[in-house]
Amino acid sequence: MNATVIHALHDWPFAVWLRSAPIVYPALETLHIIAIAITFGSLWIVDLRLLGVRLFGLGALDVRTLAGAALPWTLFGFVLAAAAGSLMFLARAGDFIGNQAFLLKILLLFVAGTNAAILHSRGPLDSSSTATRLQAAFSLLIWIAIIICGRWIAYV
């Protein structure tokens with residue numbers, strides 16, 4: 001990203017306020033984590049069901065019904081996480097733009113979105129399909145990696 005743009009973002013009064021108001025940035029971090037929990041929690045259950053896991057009553061649930069019920073929660077969590085994350089980026093764009101964990105997290109988010117788009121574009125979910133099962137496993141791994149990268153942002 002252009003250094004002039006990063007500097008302009010850093011000096012923008014709204015970004016200064018996000019950084020300097022005592023509870024705003026920690027509140028954004030908290031909201032971001034809650035939103036990730038909603039996103040990953042809803043994905044986790046659907047992906048496990050697609051993988052054939054039958055623990056805790058998952059086997060009794062029709063995968064299409066489960067996915068249909070979980071999708072609004074997944075989308076809600078993702079939009080909330082993206083909004084909070086975008087504001088956190090805005091507040092500290094200069095710190096994040098060179099952070100390898102952040103950049104990898106953003107790349108993985110695009111991979112996760114592409115994986116989900118491909119999965120849902122193939123038609124109704126079919127837990128007996130090998131391709132669907134591979135995509136569900138890949139989804140879990142991608143999201144775990146996204147969460148790990150998110151935590152590592154503060155330490156690299």
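Helices α3 and α4 are roughly antiparallel to each other, a class that requires an angle over 145 degrees on a scale from 0 to 180 degrees between N-to-C directions. In this predicted model, local features need pLDDT of at least 70 and side-chain atom pairs count only at pLDDT 80 or more, whereas totals for chains, interfaces and linings use all residues. Residues are numbered from 1 along each chain as its sequence is written, and side-chain values use heavy atoms, with hydrogens and water left out.

The axes of α3 (residues 24–50) and α4 (residues 63–91) cross at roughly 155° and come within 7 Å; helices are DSSP runs of H or I with at least four residues, numbered from the N terminus. The crossing of α3 and α4 is left-handed, that is, the near helix is turned anticlockwise from the far one by less than a right angle. The contact of α3 with α4 has 23 nonpolar, six polar and two charged residues, where Asp, Glu, Lys and Arg count as charged, Ala, Val, Leu, Ile, Met, Phe, Trp, Tyr, Cys and Pro as nonpolar, and the others, Gly among them, as polar.

T74 lies in α4 and counts as buried, at 12% relative accessibility (buried, under 20% relative accessible area; exposed, over 50%; 1.4 Å probe, protein chains only). The T74 side chain makes a polar contact with the side chain of S42 at 2.5 Å (N or O atoms within 3.5 Å, one able to donate a hydrogen and the other to accept it).

Just after α3, G52 takes a positive phi of about 90°. F56, in the loop between α3 and α4, has a positive phi of about 55° although it is not a glycine. F56 is exposed, with a relative accessible area of 86%.

Notes
Helices (H or I, at least four residues) and strands (E, at least two) are DSSP runs, numbered from the N terminus. Angles under 35 degrees count as roughly parallel, over 145 as roughly antiparallel, 65 to 115 as roughly perpendicular and the rest as oblique.
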